[in-house]
Amino acid sequence: MSCAIVEKTLYLIQSDDPILKLQGARDIRRLTKSSLRYRRHFSDAVKPLVDMLRNSLSVEYKEAALLALLNLSVKDEGNKKSIIDAGALEPIIGILQSENASLQEHAAASLLTLSASSVTKPILSSFGVIPLLVDILRCGSPQAKVDSIITLYNLSTSQGNLTLILQTEPIPSIVTLLKSCKKSSKTAEKCTALLESLMSYDECRKALTSEEGGILAIVEVLEIGSLQSREHALGALLTMCQSDRCKYRELILREGVVPGLLELTVKGTTKSKEKSQTLLRLLRDTPNERSQLQPDTLENIVLNLISQIDGKEQTGKARGLLAEVIQVSMDQSLRRLHQRATVCTPVDLSVSGAGSTISST
């Protein structure tokens, strides 16, 4: 990193000459694209960049200032705070509502980076960005929608923001995005993560079931999503079934959830294995009324569910996965028996030897 370059670039961005200022903003964007050190050394450029963003009428100037601020805020908590303190949120929010798709995308990306800090989350929500982000989910460009759902998820983890998201009636827009995106994508992960949190609310559960293909989209993520996405999808379905088993059991079963759940009982994390087995028990024809001393086996629960599945393909897949579950269970039991035998053998031998010595004397 060259100190001379930093000094020259700061001179340009602080200049009263608009052409020099534009060049300075572009240089800052280029230099800070992949350098944490440059981001740190260009912290003094935040205020002139925000002034440029606020006061310029030119799309070209606004874009240059916005992109420079975007790069400055990436993985730099100090710059995030400085950008907000300098008054950047108001012009960024204004740009988010503009009809220029390119500027709108840059504004959404800027809010995404700013929302990655626990300090800035309540500030962003206090500026009313949540309803605007949900509007972007409804009618924004594809990239702006992706950035908006991630921003909404980031904001949802801050106390009080989930209620604000709830008030915007976001379920139709989230479901539409989830249905259209790759189920193994980051977008699907954030959609299902947000849905998992929102399923704690009765109005959101009702809204999800009212959306055509809503539950199916979650089931598809459960089957082919990333491991993190599958856990969120599982959590959303489990929350629904636990809230009102009679109401949601048939709706979930109808979408062919059993094969995905069975696969998680074999290949999922410890947490997802436990949750998938809990959901399988809730989905069975009759709830488990036996005592904990005599629990139903997973095999019996699944056989009960398979008898209720429509379609040969789903039934065949479920039976195949059940066979795998049984095989894994048997393998685990054999390993445990082998480990016990290995541990017990020396003790048994020593006791046997002692007995032989006593009997011979």
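This is a predicted model: local features need pLDDT of at least 70, side-chain atom pairs count only at pLDDT 80 or more; totals for chains, interfaces and linings use all residues.
Which residues line the largest cavity?

1. **The lining.** To take the opening question directly: the largest cavity is lined by Leu66, Leu69, Leu70, Ser73, Ile83, Ile92, Ser110, Thr113 and Leu114. Sorted by type, that lining has six nonpolar residues, three polar ones and no charged ones.

2. **Cavity count and volume.** Searching the whole structure turns up one cavity of 30 Å³ or more. The space in the largest cavity comes to about 30 Å³.

3. Two helices, α5 (59-73) and α8 (101-114), each put at least two residues into the lining of the largest cavity. The top contributor is α5, which gives four residues.

4. **Salt bridges overall.** Moving on to charged pairs, the count is 15 salt bridges. I picked out a few of them below.

5. **Asp51 and Lys47.** These two form a salt bridge, with the closest N and O atoms 3.2 Å apart. Both sit in helix α4 (residues 46-55), four residues from each other, or about one turn of the helix.

6. **Arg138 and Asp135.** Here the side chains meet in a salt bridge at 2.8 Å, N to O. The two residues are separated by about one helical turn because they lie three residues apart in helix α10 (residues 129-139). Arginine 138 has a relative accessible area of 42%, so it is classed as partly exposed. Aspartate 135 is also partly exposed, with a relative accessible area of 34%.

7. **Arg230 and Glu263.** This is a salt bridge between side chains at 3.8 Å, N to O. Arginine 230 belongs to helix α17 (residues 227-243) and glutamate 263 to helix α19 (residues 258-267), so the pair ties together parts that are 33 residues apart in sequence. Buried or exposed, then, for arginine 230 and glutamate 263? Both are buried, which means that each has under 20% relative accessible area.

Conventions
Residues are numbered from 1 along each chain as its sequence is written. Side-chain values use heavy atoms; hydrogens and water are left out. On a 1 Å grid over the protein atoms alone, a cavity is a set of points where a 1.4 Å probe fits but cannot get out, and a pocket is an open set with protein on both sides within 12 Å along at least five of seven lines; lining residues have an atom within 4 Å of a point. Grid points are joined across faces, edges and corners, and a volume is the space filled by probe spheres set on the points. Ala, Val, Leu, Ile, Met, Phe, Trp, Tyr, Cys and Pro count as nonpolar, Asp, Glu, Lys and Arg as charged, and the others, Gly among them, as polar. A salt bridge is a side-chain nitrogen of Lys or Arg within 4 Å of a carboxyl oxygen of Asp or Glu. Buried means under 20% relative accessible area, exposed over 50%, partly exposed in between (1.4 Å probe, protein chains only).
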